[in-house]
Amino acid sequence: MAESAAARVRRRLNHPVIDADGHWLELMPVFLEFLAEVAGPGMVDDFVARLKTRHGHSWFAATPEERIRKRIARPGWWTYTTKHIEDRAASMLPKLFHERLDHWGIDFALVYPTMGLDLLRVEEEPLRRALVRAYNVMVAEMFRPFSDRVAPAGLCALNTPSEAIEEAEHAVRALNLKVLCMNCTVPRPIPADLCADTDPARRRIYIDCLAMDSAFDYEPVWAKMTELRVAVTNHIGSMGWPDRTSPSNFVSIHLGHFAQANHAFARGLFMGGVLQRHPKLNFGLLEGGAGWACNLLSDLRSHWRTRNAQAVEANCLPMNLDRAKLRSIMEAATQGDRRFAGKLDDILARNLEAQRPFTSPEELTERHLGADDFSRVRIATEDEISTIFTRNIYIGCEADDPMTPVAFDPRHRFGVKPVLGSDISHFDVTDAAKVLEEAWEMVEHNLITEANFAEFTFGNAVALHGGMNPDFFKDTTIESSAAAELKNTQ
């Protein structure tokens, strides 16, 4: 077989390449066998019955009018590559995946779910827990012979803290899994809609980002992940959220959905103070690209600049408004204007804010006195925001993401840490051997340096997982390189 473009790029590098977010295509008949062994044939029947009503079946059964009236989202279609049959076979069989790595220019791969992502979305807790447990048993067994170059991601549903802790304990301690794929945002019904006379199908939902204003206290979960030395990696996306229900266009639903979920979780982590309370816990927010992270960091800085408690009190406190001077200006400007005749007293007394009419400055001041949206975060300067945000958050970026160079650009002071995620086996990777070549083009076009490329394809992934667990790369083909990288960065 001729040397691939990826292999040629890999040959010129002086460091290994880690794929921090590839995928495999699980085979349902194999999974059902594991599910039967773990949870019994009755659970298999329940799961199969559920499958027959999901995955777009309702969309196909509905008329175009019903799809619009019920907002039935257009399901994805033809989402797995068929162009290179060797890649497709490797995506389904761990043995072939392992053998194909050199052709793809990859030294070590973290392999995330495909079908498994849907299991995290199962609403019924007993079924979800059985599915997650069976999935983890499956990947632990099927990938165990290939641990020198592959680390499979197990599942860990974060729907409740007790569920998350129990499954994480089992996955790490009993199955020796080192990577866990989690749903770090959970759609939940609004509590007011949980009354008995509300049709479950008509209940409104909100998105619980777990780190702030959650239905549960997730502090024990973050502490447990730190104890287990496993990074929190979010890979659930926002498919199914209220703004992603186009009945006619899958691409419109898919665009930016990982970025949206990562943005929600990350802002909760920061504003909820989780990043400060758990400085040893790393977070990998995958497949959304670098753009959302750069945008969020910029927004955090600008919002703190204008909305920290001292700034708001100094610049926006309603009672600080010089109403005498304002009256003088307004009287001069509206003299002779009948629309303002006789209204200034009322405006100045209780209608100075368009969005809060009929409320005096005294009332407005009293309502929110002492409020501080940044109270959960202990920061004194704007630069501390960047330090906190970039210390333990790693951003999954695909090889062709044009925003990755922006993350590395020192002129912007972003400092976010991208990791290469190939997305191998999914529709956007028609030739897995071109992934590394596409990433290398950023160096060829002088968008990033070779040192940046080493961070992107190796160093940041080592820090994400090896920084949590120094033994993460033990007994792998890149053990010595990873150990040296960790030593150099500590």
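Trainee: How do α10 and α11 lie to each other, parallel or oblique?
Mentor: In this predicted model, helix α10 (residues 161–174) and helix α11 (residues 219–228) pack at about 10° with axes 9 Å apart. They are therefore roughly parallel to each other (under 35 degrees; over 145 is roughly antiparallel, 65 to 115 roughly perpendicular, the rest oblique). Axes are lines fitted to C-alpha atoms, for helices over the stretch in contact, and angles between N-to-C directions run from 0 to 180 degrees. Helices (H or I, at least four residues) and strands (E, at least two) are DSSP runs numbered from the N terminus.

Trainee: Which residues of α10 and α11 make the contact?
Mentor: On α10 they are Pro161, Ala164, Ile165, Ala168, Glu169, Val172 and Arg173. On α11 they are Pro220, Val221, Lys224, Met225, Glu227 and Leu228. Contact means heavy atoms within 4.5 Å. Nine of these residues are nonpolar, none polar and four charged. Asp, Glu, Lys and Arg count as charged, Ala, Val, Leu, Ile, Met, Phe, Trp, Tyr, Cys and Pro as nonpolar, and the others, Gly among them, as polar.

Trainee: What about α15 and α16, at what angle do they pack?
Mentor: About 50°, with the axes of helix α15 (residues 291–307) and α16 6 Å apart. That makes α15 and α16 oblique to each other. Arg305, Thr306 and Arg307 in α15 meet Ala309, Ala311 and Val312 in α16. This contact has three nonpolar, one polar and two charged residues.

Trainee: New topic. What order do the strands of the open sheet have?
Mentor: β1-β2-β3-β4-β7-β8-β9-β10, eight strands with parallel pairing. Two strands pair if DSSP finds at least two bridges between them.

Trainee: Which strands stand at the edges?
Mentor: β1 (18–23) and β10 (417–420), each with a single partner strand, so one side of each has no neighbour in the sheet. From one strand to the next the twist averages 30°.

Trainee: How many bridges join β9 to β10?
Mentor: Four, and β9 (residues 393–397) runs parallel to β10. Glycine 396 is opposite valine 419 in β10.

Trainee: Last one. What lines the second largest pocket?
Mentor: There are 18 lining residues, with Arg307, Val312, Cys316, His368 and Ala371 nearest the centre. A pocket is an open set of points on a 1 Å grid over the protein atoms alone, where a 1.4 Å probe fits, with protein on both sides within 12 Å along at least five of seven lines; lining residues have an atom within 4 Å of a point. Helix α16 gives the most to this lining, four residues.

Conventions
Residues are numbered from 1 along each chain as its sequence is written. This is a predicted model: local features need pLDDT of at least 70, side-chain atom pairs count only at pLDDT 80 or more; totals for chains, interfaces and linings use all residues. Side-chain values use heavy atoms; hydrogens and water are left out.
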